[in-house]
Amino acid sequence: MESTLQKVQNTPTFTFLRRIDWGELGVPIAVILLCIIFSFISPNFLTFDNLANVGRQSAALALVAWGMTLIIISAGIDLSAGSVVAFVSVVTATVIKSNGAAAGILAGLVIGTLFGLLNGVLIAKVKLPPFVVTLGTMSIARGAALTYTGGVPVFGLNSKFFAWLGSGNLIGIPVIILIAFLGLVVTYVILRYTKFGVYTYAIGGNETAAYWAGIPVDKYKVLIYTYGGFLTGLGGVLLAARVNSGQPLLGTGLELQAIAAVCIGGTSLFGGQGSIIGTLFGVILIGVLNNALNLLGISSFVQQIIIGITIIIAVLVSILRSRQY
């Protein structure tokens, strides 16, 4: 005879709830709940201007996080992203002052891509651990930014196009958000529909098996880090455009926030699993959290503590989820 518990479990509502992947929906639900809570605490939170401001503040983080998603899915890590953003910003600003906006933006993108290429070659060809390589390039990039400028920010860019890039609108939407969204779409297509994406998952899932399956692992590892470096360079250019200057201390801690966004979005730190859409919600969660803490007048020191706790929880959840497979 069917028990009461079995009757409940056999109801359509219970069956529907059981089929939902709560692991996938956890972050979107958390974002919605945070928005509802913060809208009651601060009446200005849900205004268009404030949400646009959240998008502007999160655009550079988003671009770095798109590249970091591929790198972490391939079982790698990039600790140099924040420092590369700083070096890109000062190079971009300096070149703009002497040669115009187009040359400055191109220089910034080349710098970011070259750092990604350097990371990829040292990891894939020289066989150095990603943590050690990117820790080294993190120090190199930050030191180069400080040496290049003498520790002094680069102001006086006098480029209307560059200023528009950072604070202007196109069809009513901030340009910086549109560029970050374009990066999201391109990275989504790469991961979902190309051989590059399939190989990225394969390398992260089991590098040895991927090698014996005929995948040119070293080549694709270099490509993964190079693509991540390009997106980091683009993030550095946009961040410089937003502050309309080159700042040698720009992007401090950005790599940690990007890693946190990727982990919060469900990508495993051990590689082989993850999605760019999950990272999108991770970026939104961190952006909303940062904005709300600012609106509530919480000091930047306390914000760092909260972000640190968020990173620890994200990594813990990533480890717990990986043990389920």
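User: Let's start with the big picture. How many helices and strands are there in the chain?

Analyst: The chain has 15 helices and 2 strands. Keep in mind that this is a predicted model.

User: And what share of the 325 residues is buried?

Analyst: Buried residues account for 47% of them.

User: How do I read contacts along the chain? What percentage of contacts between residues at least 6 apart join residues at least 24 apart?

Analyst: That figure is 77%. For one case, take Ser89 and Pro153: they sit 64 residues apart along the chain, yet their C-alpha atoms are separated by 9.7 Å.

User: Where is Ser89, and what is it in contact with once its neighbours within four places in sequence are left aside?

Analyst: Ser89 belongs to helix α5, which runs over residues 81–99. With those sequence neighbours left aside, Ser89 is in contact with Gly236, Ala240, Gly246, Gln247 and Leu250.

User: Why does Ser89 count as buried?

Analyst: Because its relative accessibility is 0%, and buried means under 20%.

User: Can we zoom in on Met68? Which residues is it in contact with, apart from neighbours within four places in sequence?

Analyst: Met68 is in contact with Asp78, Ala81, Glu255, Ala258, Ile259 and Val262.

User: Next, salt bridges. How many does the structure hold?

Analyst: The structure holds 2 salt bridges. To read one, look for a side-chain nitrogen of Lys or Arg within 4 Å of a carboxyl oxygen of Asp or Glu. Asp218 and Lys127 form such a bridge, with their closest N and O atoms 2.9 Å apart. Asp218 is in helix α12 (residues 217–243) and Lys127 in the loop between α6 (101–124) and α7 (130–149), so the pair ties together parts that are 91 residues apart in sequence.

User: Are those two residues buried, partly exposed or exposed?

Analyst: Asp218 is partly exposed, with a relative accessible area of 23%, while Lys127 counts as exposed at 53% relative accessibility.

User: Which side chains meet in a salt bridge at 3.0 Å, N to O?

Analyst: Those are the side chains of Glu207 and Lys221. This pair links distant parts of the chain: Glu207 is in helix α11 (residues 207–212) and Lys221 is in helix α12, 14 residues apart. Glu207 is partly exposed, at a relative accessible area of 34%, but Lys221 is buried, at 13%.

User: What about disulfides?

Analyst: A disulfide is a covalent bond between the sulfur atoms of two cysteines. A search of the whole structure finds 0 disulfides here. As for cysteines, Cys35 is buried with a relative accessible area of 19%, and Cys263 is buried with 4%.

User: Last one: how do I read phi?

Analyst: Most residues other than glycine have a negative phi. Ala75 is not a glycine, but its phi is positive, about 70°. Asn244 also has a positive phi, near 50°, and is a residue other than glycine.

User: Where are Ala75 and Asn244 found?

Analyst: Ala75 is found in the loop between α4 and α5. Asn244 is found in the loop between α12 and α13 (254–264). Ala75 counts as partly exposed at 38% relative accessibility, and Asn244 counts as partly exposed at 33%.

Conventions. Residues numbered from 1 in each chain as written. Predicted model: local features only at pLDDT ≥ 70, side-chain atom pairs only at ≥ 80, totals over all residues. Heavy atoms only, no water. Disulfide = S-S within 2.5 Å. Buried < 20%, exposed > 50% of the residue type's maximum accessible area, 1.4 Å probe, protein only. Contact = heavy atoms within 4.5 Å.
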